[in-house]
Amino acid sequence: MRSIRSRPSLIKDDMAVKFFPDKPLALLEKYICHSDGRPLQGEIDVYRQLSRELSASEDEWWVWHDLKLPAHSELVNPYRKISAQVDFLIVCKYGVLVLEVKGGPICLQDNTFHYGHQPNDPLPQDPFQQAEGYKFTLKDKVLNNVSRCLFCYAVVFPHEDSTFETRIYDNALLWTRGRANLFQGSLTKFILQVFEHDRMLHARFNRHYPFLNEKELLAIRRVLSPLIADPNRFYDATTLEWLQVENLEVLDGLQKNRRVMIEGPPGSGKTTLAKAFIDQHHADRGLFLCWNNLLMHRTAHLLKDRKGAQGPQVNTLIRFLREIAPEMPLDTWLNTTAADFYTLMSQALASAEARGALPSYDYIVVDEGQDIFDRGIDLLLNKLCGYGNNGLENGNVLILYDIDQSYATKGKDLLEIADLLSNYFAHFKLHQVRRSAQRPDIQRLASRVLDEPAIVLDRTFMAELYGVKVHCFDQLAAVRDHIVRQVLNPMRDNASSLNGRQCVVLMESTLLNEQYKDGPGMRFWLTIKDVEELTEQNVQDKGNRLRYTSILKYKGLEQQNVILVMTPPSSRNRYELYVGLTRAILNVELLIVG
């Protein structure tokens, strides 16, 4: 059985109330403002009163302030709004309550509310209709998986002395300063009265709502928390610099969906969005999954350096499965087909669940998803995220992928799997390469090689490209000699600006075998001083050494100068050629042997 006690953002606090975002009470005038900077005094006073009263309550409360919802119910939507912004959303065992707040003096004339005590400044929206619309939005579009929940709404005029005795609106749903004495001045007693009032109304129609249990409250909080980004933390200068400003517009789209698939080529901003997504969930327990080890270690280091944020657990898929099912040998995972891997995944998850060792997460990020689409990713997401073993429908998941970079040779199969997954996800496709530092000519070449791999041998075309060079060799020994002359020797020269930490040698997988044709592979030829294979241990080393690895192991990473060692380009190795080219930022040398 899954344990929920390990979820840091959802555990019980010492205080009876938890605010999202939790703003310092002494600074509310700074944080809760109009667009021109003037304090929203009505919301500020209600925030402070709720904090003071609910903190002393015997019940547990969760309060969201300024909650933005990505949709709007059509049941009550006279203003044809496509989104919603709730002043206060209150969750407790009694149900869910929308609280709409209007500060300052308010008057009612001809069934219309006005600011002030003269009927010449009507409110842009009827606050009762506004709150009711938000209630149905939550009920039908946001929390529609919680069937036993009582949804209510109320309106608060904290500065108005009138009691508004009228039959136009249900006075049981209205709090004003003039009505406060009915509840001994307690906003909490008013809220409890609203829940009881609505519960009795529903009972007349034989609809009964019991109190929410801890599992249901947990499910509601899991849904609501990912929709919140604390603007005072998320948009600080450090975060903006870390995210890169040009991606924030796309990031806003992430906030509107709990399960998102982003497809895009290297450099289109997928990794930046993943970092932003993780930063949004800084207080939650997360899992970052990828396929290759080097990307795992580089990502773990990157997130560790992110100050002020709790990073997710970072792992490769196989390492993760080995941790939850240690009884299954490593060779079992490595030497299997995709179909058998799916069966093994199911067995591993069942085994971990039976032992009570199956973890759960508030969110999961899958990077380079194309490499694990056909390895039971749906089973994993269902079990580890969301609730009720149904993470594909109620979990909080971000999947990043690029079909063109797949290890698999059957891209069509992966497209079908991606299409099936997209039934549960909002899907975005990024076409533009946003990696501004990468030379445009490298992008131009990469965009051609998937369809025309032999284009790299077209001297006329290649002569037009800046930052890209191609050399052809008959033997691997000649490749080694070229690397020594053109890369290694300049690195060793103190007068040269070239440094090993700016370079990497990426090789087609077949060239790293012990034997290539009638002689040794590239590992033998690169047994040279100041050259070493890139590993998990040295992936973050900044020393002046030249490192090499296979192209596929370097997926998800990038370097300023890339030396690609390939066999003659063809349909057989075009994917590795594409991946290798897209790892380069400034310069790429393509060394073709054979």
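1. In the predicted model, β19 and strand β20 (residues 546-550) pair in the parallel sense over three bridges, where two strands count as paired if DSSP finds at least two bridges between them. Within this pair, Glu-532 has Arg-547 of β20 as its bridge partner. Helices (H or I, at least four residues) and strands (E, at least two) are DSSP runs, numbered from the N terminus. As for the basis of the note, residues are numbered from 1 along each chain as its sequence is written, and side-chain values use heavy atoms, with hydrogens and water left out. Because this is a predicted model, local features need pLDDT of at least 70 and side-chain atom pairs count only at pLDDT 80 or more, while totals for chains, interfaces and linings use all residues.

2. The β19-β20 pair belongs to an open sheet of six strands, in the order β15-β22-β21-β16-β20-β19, and the pairing is parallel. β15 (468-473) and β19 (531-533) stand at the edges with a single partner strand each, so one side of each is left without a neighbour in the sheet. On average, and with direction ignored, neighbouring strands of this sheet are turned by 25° against each other; angles run from 0 to 180 degrees between N-to-C directions, and axes are lines fitted to C-alpha atoms, for helices over the stretch in contact.

3. Two helices deserve mention beside this sheet. Helix α17 (residues 440-449) lies across β15 and β22 (584-593), running at about 50° to β22. Helix α19 (residues 476-492) packs on the sheet and touches β15, β16 (503-507), β19, β20, β21 (559-566) and β22, its direction making about 150° with that of β22; contact here means heavy atoms within 4.5 Å.

4. Helix α21 (residues 574-581) has six of its eight residues buried, so it is largely enclosed by the rest of the structure. Buried means under 20% relative accessible area, exposed over 50%, and partly exposed in between (1.4 Å probe, protein chains only). The buried residues of α21 are Glu-576, Leu-577, Tyr-578, Val-579, Gly-580 and Leu-581, and what covers them includes α17, β16, β21 and β22.

5. Another open sheet of six strands has the order β1-β2-β3-β4-β7-β8, and its pairing is mixed. Its edges are β1 (17-20) and β8 (174-176), each with a single partner strand, so one side of each is left without a neighbour in the sheet. β1 runs parallel to strand β2 (residues 61-69), to which four bridges join it, and Phe-20 stands opposite Trp-64 in β2. Helix α3 (residues 127-142) packs on this sheet, touching β2, β3 (84-92), β4 (95-101), β7 (151-157) and β8, and its direction makes about 150° with that of β7.

6. Phe-20 also takes part in a cis peptide bond, which joins it to Pro-21 with omega of about -10°. Pro-21 is found in the loop between β1 and α1 (28-31).

7. The axes of helix α2 (residues 41-55) and helix α4 (residues 187-204) come within 9 Å and cross at roughly 85°. That makes α2 roughly perpendicular to α4, a description that covers angles of 65 to 115 degrees. In the contact, Val-46, Gln-49, Leu-50, Glu-53 and Leu-54 of α2 meet Leu-187, Thr-188 and Ile-191 of α4.

8. Leu-50 of α2 is also, with Leu-138 and Leu-224, one of the residues touching the most other members of the largest nonpolar core, which has 68 residues. Such a core is a set of buried Ala, Val, Leu, Ile, Met, Phe, Trp, Tyr and Cys residues joined through side-chain atoms within 4.5 Å. Leaving aside neighbours within four places in sequence, Leu-50 is in contact with Phe-19, Ser-55, Val-63, Phe-88, Ile-90, Leu-99, Leu-187 and Ile-191. A second, separate core of 47 residues includes Leu-294, Val-504, Leu-506 and Val-539.

9. Lys-517, in the loop between β17 (515-516) and β18 (519-520), has a positive phi of about 55° although it is not a glycine, and is exposed, with a relative accessible area of 61%. Asp-530, in the loop between α20 (522-525) and β19, likewise has a positive phi, near 70°, but is buried, with a relative accessible area of 17%.

Technical notes: Angles under 35 degrees count as roughly parallel, over 145 as roughly antiparallel, 65 to 115 as roughly perpendicular and the rest as oblique.
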